[in-house]
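Morning, everyone. Let me put the model up, and then I'll walk through it piece by piece.

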Amino acid sequence: MRWLYAFSLLLIASALAFKIFQPIQVLPRIRLAPAFSMVDQNGERLTSDRLQGQITLYTFTYTRCTAPCVNPDLMMQEIQRRLAEEPLSTPVSLVSISFDPQHDTPDVLRTYAERVGAERGRWYIATTSDESLLKTIIGAGFEVYYQPRADGSFDFSPVFILVDGWGIVRGEYRYQTEVPTVERILRHLRVLDEEVRNSHGVARLAYEAAHLFLCYAQ
Amino acid sequence: MKNWWKAFLGAFILIGLIAWGWWRFAPYSFHGMVMQSPEPAPDFTLLSKDGPVSLSDFRGKYVLLYFGYTFCPDVCPATLANLAQALHQIGRGAERVQVIMVSVDPERDTPEKIGEYVAHFDSSFIGLSGDPKDIARIASLYGIFYEKEEVAGAAGYLVTHTASVRVIDPEGRLKLIWPFGATPDEIAQDLKFLLRR
């Protein structure tokens, strides 16, 4: 009888310890990212299908976003630089989606990409001329607000969105209110990379338990 | 003697509680990606062979949502056959599951055509088609990428598309995604687990 009580206590203690000490941390699976087909700065098609299996960090902006407009490019540049210095096992892509396709043609995007130092094959700057589809992708799919103003500028939510290789949103970062966002994103990229590397066999069970116990990285 | 019975009864209850707790709360490893805090799945209305059908019509059931097309040479028939086999395996539980296939080739797939196509796999399956723009929007929101691919021959073109299955729970929230290739056994196991919750 004693061993049974001991076993029960051990079971409860193990579950509590897992929840409290969180030996494994994960990022929540929030919702599906939208599927899309756009054109990038090189005039090539960029599709959500092509980014499957990679970790992708999205942000939303437009090339005419200059002060006081808060542009995410400085942060993207820093993330691109840090990823080059400390590469992850899983490929990581950066995608800036422009919600100003009337002005941001592929030529404009190319010039812009050169100015911000977007590496080919790493950082895509893309849009689509189908504005209705763009609204579906950004507004309904990524749940990011943007609205043109009368002067041609845009009002928009300053946000980064982290998507895993399955096309599932795993993190959202409001870069005007969350400081320091770059460090947090890089930390989360490493957490996601760890999960991807341990997504097979027994390790996967442990990671699924971490999801079950909501052991989410801060 | 009395103490012996008490100990036996205590042990019996404890084992029962542990077994129930394990059955109810043990981490279950799904054969796909599970959403721990699922969000509402986007509702939509499209046309079946019997008229308009909305996702929200199926509250109270698990909906297995698949995007494909009737000209699909291999991936779609394989997936639909696996789903049909899995439903067969879960027996009466299948009454609480609805398979819906949305066409990613609405130009060729009329509601009648896709309805007849899915019925070949299981008479309970529902096939939906509709306005190409509506379908493009719905597919995008469900993370389904598709595009035409020109091929030689009578078909003219094929449609490359995301082949995973989305599972919507009875409250209308996206719960699980099965990759292409999930076997009938794996699908049936996951459904049995979900249905006993």
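Start with helix α2 of chain B, residues 75-90. It has 16 residues. From first C-alpha to last, α2(B) reaches 23 Å, close to the 22 Å expected at 1.5 Å a residue. Keep in mind that this is a predicted model.

Which residues of α2(B) are buried? Reading along the helix: B:C76, B:T79, B:L80, B:N82, B:L83, B:A84, B:A86, B:L87 and B:I90. A reminder on helix geometry: an α-helix has 3.6 residues a turn, so residues three or four places apart point the same way. Back to the model. What do the buried residues of α2(B) pack against? Two strands, β4 (62-68) and β5 (97-103), are among the partners. Helices α3 (111-119) and α5 (184-195) are on the list too, and so is strand β9 (165-168), again in chain B. Just after α2(B) comes B:G91, with a positive phi of about 60°.

Strand β7, residues 146-150, and strand β8, residues 157-161, run antiparallel. They are joined by 5 bridges. One pairing to look at: B:E150 has B:Y157 in β8(B) as its bridge partner. Between the two strands sit 6 residues. One of them, B:G153, takes a positive phi near 115°.

Now chain B as a whole. Confidence for chain B: the average pLDDT is 91, and 94% of the residues score at least 70.

Over to chain A. It has 218 residues, and 39% of them are buried. The secondary structure comes to 6 helices and 10 strands. Take the contacts between residues at least 6 apart in sequence. In chain A, 72% of those join residues at least 24 apart.

Next, a sheet in chain A. It is open, with 6 strands and mixed pairing. The order is β1-β10-β9-β4-β5-β6. Which strands are at the edges? β1 and β6 (123-126) of chain A, each pairing on one side only. Inside that order, look at β4, residues 55-61, and β5, residues 92-98, of chain A. These two run parallel, with 7 bridges between them. Within the pair, A:F60 stands opposite A:I97 in β5(A).

One backbone detail in chain A. A:E143 has a positive phi of about 60°, although it is not a glycine. Where is A:E143? In the loop between α4 and β7 (146-148) of chain A. A:E143 has 16, so it counts as partly exposed.

Last topic, the interface. 30 residues of chain A are in contact with 25 residues of chain B. On the chain A side, the elements giving two or more residues are α1 (2-21), β1 (31-32), α4 (131-141) and α6 (201-212). Which element gives the largest share? α6(A), with 6 residues. By type, the chain A side divides into 17 nonpolar, 8 polar and 5 charged residues.

For the complex, the predictor gives an ipTM of 0.82 and a pTM of 0.84. Happy to take questions.

Notes. Residues are numbered from 1 along each chain as its sequence is written. Chains are lettered from A and ligands numbered from 1 in the order in which they are written. This is a predicted model: local features need pLDDT of at least 70, side-chain atom pairs count only at pLDDT 80 or more; totals for chains, interfaces and linings use all residues. Two residues are in contact if their C-beta atoms, placed from the backbone, lie within 7 Å. Helices (H or I, at least four residues) and strands (E, at least two) are DSSP runs, numbered from the N terminus. Ala, Val, Leu, Ile, Met, Phe, Trp, Tyr, Cys and Pro count as nonpolar, Asp, Glu, Lys and Arg as charged, and the others, Gly among them, as polar. A residue is buried if 20 or more other C-beta atoms lie within 10 Å of its own, exposed if 12 or fewer, and partly exposed in between; C-beta atoms are placed from the backbone. pLDDT is the predictor's confidence in each residue, from 0 to 100. Two strands pair if DSSP finds at least two bridges between them. The expected span of a helix is 1.5 Å times one less than its number of residues.
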